[in-house]
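The following questions and answers look at a ligand site and at some backbone features. Please read them alongside the sequence and the model.

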Amino acid sequence: MGDTLFGKIIRREIPAEIVYEDDDILGFRDVNPQAPVHVLFIPKQPIATLNDATPADAALLGRLLLACAAYAKQEGFAEQGYRTVVNCNEHGGQTVFHLHVHLLAGRTMQWPPG
Ligand code: AMP
């Protein structure tokens, strides 16, 4: 799978509101937010979908979730709660084929998600 617009965000070729960055992960606000807080956490080395992750990516996948939790604590909504989501392929609703974790917060989420 080739480059996506998230690659352009990593390279600063298109703008994004970046709220988190470390050596391997970038977090930026979703352009079409589905909650008062909606941030996408992505690995800087692209993985197209969750199906394409390998055991070598296990630590990175864990760190994506830990980055979400760290951000939630930093921003003060960790105790109130939040949702993390990884959409995979058509039935999952994935539209950008650079694996990302959605972090949604600031309202009560529904279950099932529909
Ligand atoms: P998914 O449907 O899980 O692949 O999620 C892709 C997400 O990327 C959607 O929530 C979009 O709103 C978001 N998105 C698309 N383009 C941009 C962009 N340029 N900057 C920030 N978020 C974007």
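This is a predicted model: local features need pLDDT of at least 70, side-chain atom pairs count only at pLDDT 80 or more; totals for chains, interfaces and linings use all residues.

Q: What value is phi of Arg 12 near?
A: Most residues other than glycine have a negative phi. Arg 12 is a residue other than glycine, yet its phi is positive, near 65°.

Q: Which peptide bond is cis, and in which segment is Pro 112 found?
A: Most peptide bonds are trans. The bond from Trp 111 to Pro 112, however, has omega near 0° and is cis. Pro 112 itself is found in the segment after strand 5.

Q: Which pocket is the space taken by the ligand, and what is its volume?
A: The ligand takes up the space of the largest pocket. That largest pocket is lined by 33 residues, with Asp 30, Gln 34, His 38, Asn 87 and His 102 lying nearest its centre. By class, this lining has 16 nonpolar, 13 polar and four charged residues. The volume of the largest pocket is about 750 Å³.

Q: Which element supplies the largest share of the shell around the ligand?
A: The ligand is surrounded by 16 residues, the closest being Asp 30, Asn 87, Thr 95, His 100 and His 102. At least two residues of this shell come from each of helix 1 (5-10) and strand 2 (25-29). The largest share, three residues, is supplied by helix 1.

Q: How many charged residues does the shell around the ligand have?
A: Sorted by class, the shell around the ligand has seven nonpolar and seven polar residues, and the number of charged residues is two.

Q: What percentage of the area that the ligand exposes when taken alone does the protein bury?
A: Oxygen atoms of the ligand lie 2.8 Å from a polar side-chain atom of Asn 87 and 2.8 Å from an N or O atom in the side chain of His 100. A nitrogen atom of the ligand lies 3.2 Å from a backbone N or O atom of Val 31. Taken alone, the ligand exposes 500 Å², and the part of this that the protein buries is 83%.

Terms used:
Residues are numbered from 1 along each chain as its sequence is written. Side-chain values use heavy atoms; hydrogens and water are left out. A residue is near a molecule or strand if one of its heavy atoms lies within 4 Å of it. A polar contact is a pair of N or O atoms within 3.5 Å; within protein, one must be able to donate a hydrogen and the other to accept it, and residues adjacent in sequence count only if both atoms are side-chain atoms. Accessible areas come from the Shrake-Rupley method with a 1.4 Å probe; for residues, only the protein chains shown count as cover. On a 1 Å grid over the protein atoms alone, a cavity is a set of points where a 1.4 Å probe fits but cannot get out, and a pocket is an open set with protein on both sides within 12 Å along at least five of seven lines; lining residues have an atom within 4 Å of a point. A molecule sits in a cavity or pocket if more than half of its atoms lie within 2 Å of its grid points. Helices (H or I, at least four residues) and strands (E, at least two) are DSSP runs, numbered from the N terminus. Ala, Val, Leu, Ile, Met, Phe, Trp, Tyr, Cys and Pro count as nonpolar, Asp, Glu, Lys and Arg as charged, and the others, Gly among them, as polar. Grid points are joined across faces, edges and corners, and a volume is the space filled by probe spheres set on the points.
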